[in-house]
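Subject: Structure handover

Hello,

Here is the structure I promised to pass on. Please open it alongside this message, and read the notes below as you look around.

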Amino acid sequence: MPDKNIALKIEELVKKFGNFTAVNNLSFEVKDGEIFGLLGPNGSGKTTTLNMILTLITPTSGSIKLYGKDIHQNINESKKEIGFMTQETVIEQDLTPRENLEIFGELYHIPDLDNRVEESLKDAELSDFADYKASAMSGGMQRRLALVRSMIQKPKMIILDEPTTGLDVQNRSSLWDRIRKLKKQGMTILITTQYLEEADALCDRIAVIDHGRIKAIGTASELKAQVSTGDILEIITTIKYVEQVAQILKKFDLKPEIKTDIVTAPISKTEVIKFSDITKEVIKNNIPILGISMHLPTLDDVFIKLTGSGLRDSASGSPKISIGAKK
Amino acid sequence: MSKLNIISDSFIIYKREMLIFKSKLRTNILRSIIFPLVLILMLGNLGNNSAVITNIGVVNYASNPTAYKFIQSLQSNHDLNVKVMTNQKVGLSELKAGDITDLVIISPTFPNIESGTPNVYVYYANNFADLGDSINIIESTAEQYNAHVEAKVPNTPSDTASNEEVVLDPTYAGNASYKTFLVGGVIVMVAVFGSMFGGGMSIITDRQLGNLKSFLITPIDKVSIIMGKILSGTTQSLIYGIIALIIGLLDGAAISMGISGALIILAIIAITSIGFSSITIILASRISKVEVYSILANAITLPLWFISGAFFPVSSLPSWLYPLSVVDPLTYAANGIRYVMMYGYFPISSSITDFAILIGFSIVVMLVSFRLFKTNIS
């Protein structure tokens with residue numbers, strides 16, 4: 001008997017391309033009405049997994065069930081129940097928002113399409129721009145249009161593949177609000193993102209995937225707790241002095257990591273007393289300190305710990321914006 | 001998915017493609033005008049107002065002073081280079097070889113006129129070389145000597161002067177001008193270009209931009225995507241073909257067969273475009289870059305166009321190239337259009353051949369496109 005609280009259930013999913021295993025025995029569940037984040041570096045098997053959920057490719061083995069039904073055995077039904085918004089702003093630039101919505105509404109054979117289109121335009125706050133070419137709209141407006149278009153058929157679940165990539169801070173925040181609103185309306189949301197603070201801010205649960213396997217799964221707090229028993233010490237200096245700072249930290253039995261001009265090291269609760277001594281030692285060596293702080297581990301730290309690299313480092317072609325909100 | 005859904009979804013894709021076409025209508029129409037305009041106005045009017053010297057041959061069976069004066073009058077015309085020949089057989093072989101474009105036969109009765117019997121015959125090849133309006137010059141010169149001229153065309157029932165075929169290729173014949181000849185070829189070409197750049201090519205950009213993925217996650221069948229693209233490519237080809245035809249007609253070309261001829265031309269364009277739109281699907285299924293597609297599309301269409309006899313009759317092709325024209329579907333498209341435009345009738349045997357080959361070609365490439373698209377696109 002399928003559990004009604006489980007929207008998506010992936011069990012022992014495997015996808016092989018020749019000798020290469022893109023997805024390796026992957027299993028996870030997305031609960032009904034939650035925002036679930038799927039994080040992974042390039043080549044981690046994230047896109048292949050999404051493509052299998054979207055029925056674009058067939059799994060080598062394993063199963064994907066949407067509300068208890070195998071999606072690959074009910075392809076057309078599943079397609080109507082899953083909405084998808086890609087990381088690109090995939091709307092037809094030469095068409096108006098109304099035409100964009102109508103075309104996709106017709107493909108889903110939606111009855112009373114005119115009303116549904118009007119409703120979607122209103123949801124996206126685009127009623128006043130309904131008959132202008134989409135190319136004339138701002139990036140944020142286009143992304144709102146893409147979001148309502150992906151839900152034109154009123155799906156039960158929506159997959160957002162890096163939904164805020166390329167958006168400015170204001171539009172990103174606005175889209176976050178819309179995603180939260182969708183959750184309040186009962187929509188199940190599966191989101192992939194390269195912005196770890198986005199996952200931190202939006203997702204109820206997060207799965208970190210690498211080499212086609214789940215590395216960790218849980219709430220953001222649970223994941224952070226998994227990788228650290230304490231805080232993170234962070235010293236910002238100039239590139240010239242990072243090695244010297246790292247040596248000082250080693251003297252205090254810490255394990256420093258260097259990222260350009262920042263040296264970080266996990267520091268346990270019992271080691272916090274070392275903080276003032278470390279500071280004194282750095283000053284004594286005439287090392288310029290641009291910033292020194294202690295904070296809880298971020299998802300960025302979690303990601304590095306689990307996958308061996310920063311998510312952003314592995315996302316080719318993505319905007320290089322600082323990530324990792326300090327908490 | 002029911003067949004009805006596949007068809008109705010095809011029309012949704014068709015609608016989308018045509019909306020995009022409409023959104024760029026001005027650019028598309030301008031682009032479609034330039035090509036036929038340049039070819040028809042410039043190439044089609046070559047020699048009209050310029051000093052093109054045309055080689056003609058004269059066989060003088062009259063051998064009287066008036067006949068000599070007539071020949072001198074022809075020789076004095078700066079647009080003609082007159083070569084006097086010993087007999088009709090020699091003249092006809094030179095005409096066939098393309099060394100001369102017109103052959104004037106002065107009959108023994110010249111300048112006397114017997115009732116109903118011409119005393120000057122002009123064989124001509126209405127082909128690429130005949131740009132200097134030589135027939136009009138010959139006829140007007142002959143009129144000065146009260147000659148009764150008959151322009152001889154191959155295979156006409158009244159052609160009793162010789163049993164020889166002057167030219168085997170029927171596209172040489174008829175009463176039409178080179179311009180009409182050229183317009184038929186240009187229509188075929190713009191239609192093919194319309195298909196190649198308006199049909200499946202958008203699959204590549206759709207794939208690059210993610211639109212194709214957006215379609216594939218809907219319940220649409222891939223066959224509907226192909227059919228929608230082929231339909232839109234065909235519609236665009238028809239629009240471009242009609243524009244080329246109108247330009248040709250405005251510039252003096254003619255459709256001898258009238259309105260029914262125009263409908264046959266549209267049918268030929270549509271069938272040809274279905275085939276070439278399907279080729280675009282095949283290419284787009286295997287190619288991911290627009291640049292590569294453009295190179296390949298040109299590499300395929302341009303040679304096919306040239307060997308189809310768009311500029312000149314296929315019989316003028318070198319012997320090693322001629323067999324290729326036989327397997328070129330555009331040869332049959334161009335042939336069909338020319339019959340309608342130049343002859344005023346569509347011979348049933350030829351129509352069956354032309355249409356059967358075009359339809360067969362279109363069905364085969366369409367089936368291949370279905371198969372390749374379904375297996376290669378995911």
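First, a term for what follows: a salt bridge is a side-chain nitrogen of Lys or Arg within 4 Å of a carboxyl oxygen of Asp or Glu. Keep in mind too that this is a predicted model.

The interface

By that rule, three salt bridges cross the interface of chain A and chain B. One of them to look up is between the side chains of Glu92(A) and Arg16(B), with N to O at 2.6 Å.

Which helices of chain A each supply at least two residues of the side that touches chain B? They are helix H2 (75-81) and helix H3 (97-107). H3(A) gives the most to that side, with six residues.

Now the contact totals. On chain A, 24 residues are in contact with chain B, and 24 residues of chain B take part in return. Together the two chains bury about 2300 Å² between them. Carbon and sulfur atoms hold 63% of that area. Three residues stand out on the chain A side: Leu56(A), Ile103(A) and Leu107(A). They supply 25% of the area that chain A buries against chain B, more than any other three residues.

Strands of chain A

Start with S1(A), residues 6-17. Its antiparallel pairing with S2(A), residues 20-31, runs over eight bridges. Within this pairing, Ile6(A) stands opposite Lys31(A). S1(A) and S2(A) form a hairpin, with two residues between them. Look at the turn: Gly18(A) has a positive phi of about 65° there.

S1(A) has another partner to trace, S4(A), residues 61-66. These two strands also run antiparallel, joined by five bridges.

Chain B overall

What does the secondary structure of chain B come to? The count is 14 helices and five strands. Chain B has 378 residues, and 55% of them count as buried. Its accessible surface is about 16200 Å². Of that surface, 64% belongs to carbon and sulfur atoms.

Over to you.

Best wishes

Notes:
Residues numbered from 1 in each chain as written. Chains lettered and ligands numbered in written order. Predicted model: local features only at pLDDT ≥ 70, side-chain atom pairs only at ≥ 80, totals over all residues. Heavy atoms only, no water. Pairing = 2+ DSSP bridges. Helix = DSSP H or I, 4+ residues; strand = E, 2+ residues; numbered from the N terminus. Buried < 20%, exposed > 50% of the residue type's maximum accessible area, 1.4 Å probe, protein only. Areas by Shrake-Rupley, 256 points an atom, 1.4 Å probe, with all protein chains shown as cover. Contact = heavy atoms within 4.5 Å. Buried area = accessible area lost by both parts, 1.4 Å probe.
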